[in-house]
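Please look over the sequence and the 3D structure shown here before reading on. The report that comes after them is meant to be read with both in view.

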Amino acid sequence: MTLGDQSEMQAPADASPSEPTVLIVDDNETSIDQILASLDGYDVIAATSGADALAIIESEHVDLVLLDIMMPGIDGLEVCQRLRSDSQTRDLPVVFITASTDDATIEKAYAAGADDYVTKPVRRVELLARVRTQLERKQQIRQLRHRNSELNVAREALYASDERHRLAM
């Protein structure tokens, strides 16, 4: 499989449009192919650079990013930092997938805002479990924010009602 700077992988024919979209970012096309082979049941988009990843995230709906650290140009650490500094992408799950296993690199990844860290070569079972966990976590955060918003509206209505009642007395 040959990838350009940005490529969208086609989902299986039986894929529904509601499947989560995973962005794989790695400058090594072989690594992308190996990760892609593990992601049955997901819509997958691939990027071969940090700059392409940021452009895709700005223009496409992405549910989770699988991100290599060591890439030319904008590396994975900088991509993650930029995502965390933007209110629109702050909560987008980022899982680093890299060959780096030293403590200093792992520490830098989490300091940049990583949600998880997987080392290469990737084990399919581990990758799927971590992807599933991060997507579930994202959904739970979304539900909590929605419920908090509903509670805030109800609280404001209650305060307004109490104030009207107090003024009527």
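## Basis of the report

This is a predicted model, in which local features need pLDDT of at least 70 and side-chain atom pairs count only at pLDDT 80 or more, while totals for chains, interfaces and linings use all residues. Residues are numbered from 1 along each chain as its sequence is written, and side-chain values use heavy atoms, with hydrogens and water left out.

## The chain as a whole

The chain holds five helices and six strands, where helices (H or I, at least four residues) and strands (E, at least two) are DSSP runs, numbered from the N terminus. Followed along the sequence, these elements give the pattern β-β-α-β-α-β-α-β-α-β-α.

Of the 169 residues in the chain, 41% are buried; here buried means under 20% relative accessible area, exposed means over 50%, and partly exposed lies in between, with a 1.4 Å probe and protein chains only. Contact means heavy atoms within 4.5 Å, and among contacts between residues at least 6 apart in sequence, 58% join residues at least 24 apart.

## Two pairs of packed helices

Two packed helices are described by the angle between their axes and the distance between the axes. Axes are lines fitted to C-alpha atoms, for helices over the stretch in contact, and angles run from 0 to 180 degrees between N-to-C directions. Angles under 35 degrees count as roughly parallel, over 145 as roughly antiparallel, 65 to 115 as roughly perpendicular and the rest as oblique.

Helix α1 (residues 29-38) packs against helix α5 (residues 124-168) at an angle of about 70°, with the axes 9 Å apart, and α1 and α5 are therefore roughly perpendicular to each other. In this contact, I35, A37 and S38 of α1 meet R124, L127 and L128 of α5. The residues of the contact of α1 with α5 comprise four nonpolar, one polar and one charged, given that Ala, Val, Leu, Ile, Met, Phe, Trp, Tyr, Cys and Pro count as nonpolar, Asp, Glu, Lys and Arg as charged, and the others, Gly among them, as polar.

For α3 and helix α4 (residues 103-112), the packing angle is about 20° and the axes are 8 Å apart, so α3 and α4 are roughly parallel to each other. L77, C80, Q81 and R84 of α3 make this contact with K108, A109 and A112 of α4. By class, the contact of α3 with α4 has four nonpolar, one polar and two charged residues.

S38 has its place in helix α1 and counts as buried because its relative accessibility is 8%. Not counting residues up to four places away in sequence, S38 touches R124, L127 and L128.

S31 also lies in helix α1, and at 10% relative accessibility S31 counts as buried. Leaving aside neighbours within four places in sequence, S31 is in contact with D26 and K120. Although S31 and K120 are 89 residues apart along the chain, their C-alpha atoms are separated by 8.8 Å.

A47 is found in strand β3 (residues 43-47) and is buried, with a relative accessible area of 0%. A47 and E29 are 18 residues apart in sequence and 9.2 Å apart in space, C-alpha to C-alpha.

## A cis peptide bond

Most residues other than glycine have a negative phi, and most peptide bonds are trans. The peptide bond from K120 to P121 is cis, with omega near 0°, and P121 is found in the loop between β6 (116-119) and α5.

## The largest pocket

The largest pocket holds about 440 Å³ of space. On a 1 Å grid over the protein atoms alone, a pocket is an open set of points where a 1.4 Å probe fits, with protein on both sides within 12 Å along at least five of seven lines, and lining residues have an atom within 4 Å of a point. Grid points are joined across faces, edges and corners, and a volume is the space filled by probe spheres set on the points.

Of the 19 residues that line the largest pocket, V62, Q88, T89, R90 and L92 are the closest to its centre. At least two lining residues come from each of α2 (50-59), α3 (76-85) and α5, and α5 gives the most, with four residues. By class, the lining of the largest pocket divides into six nonpolar, four polar and nine charged residues.
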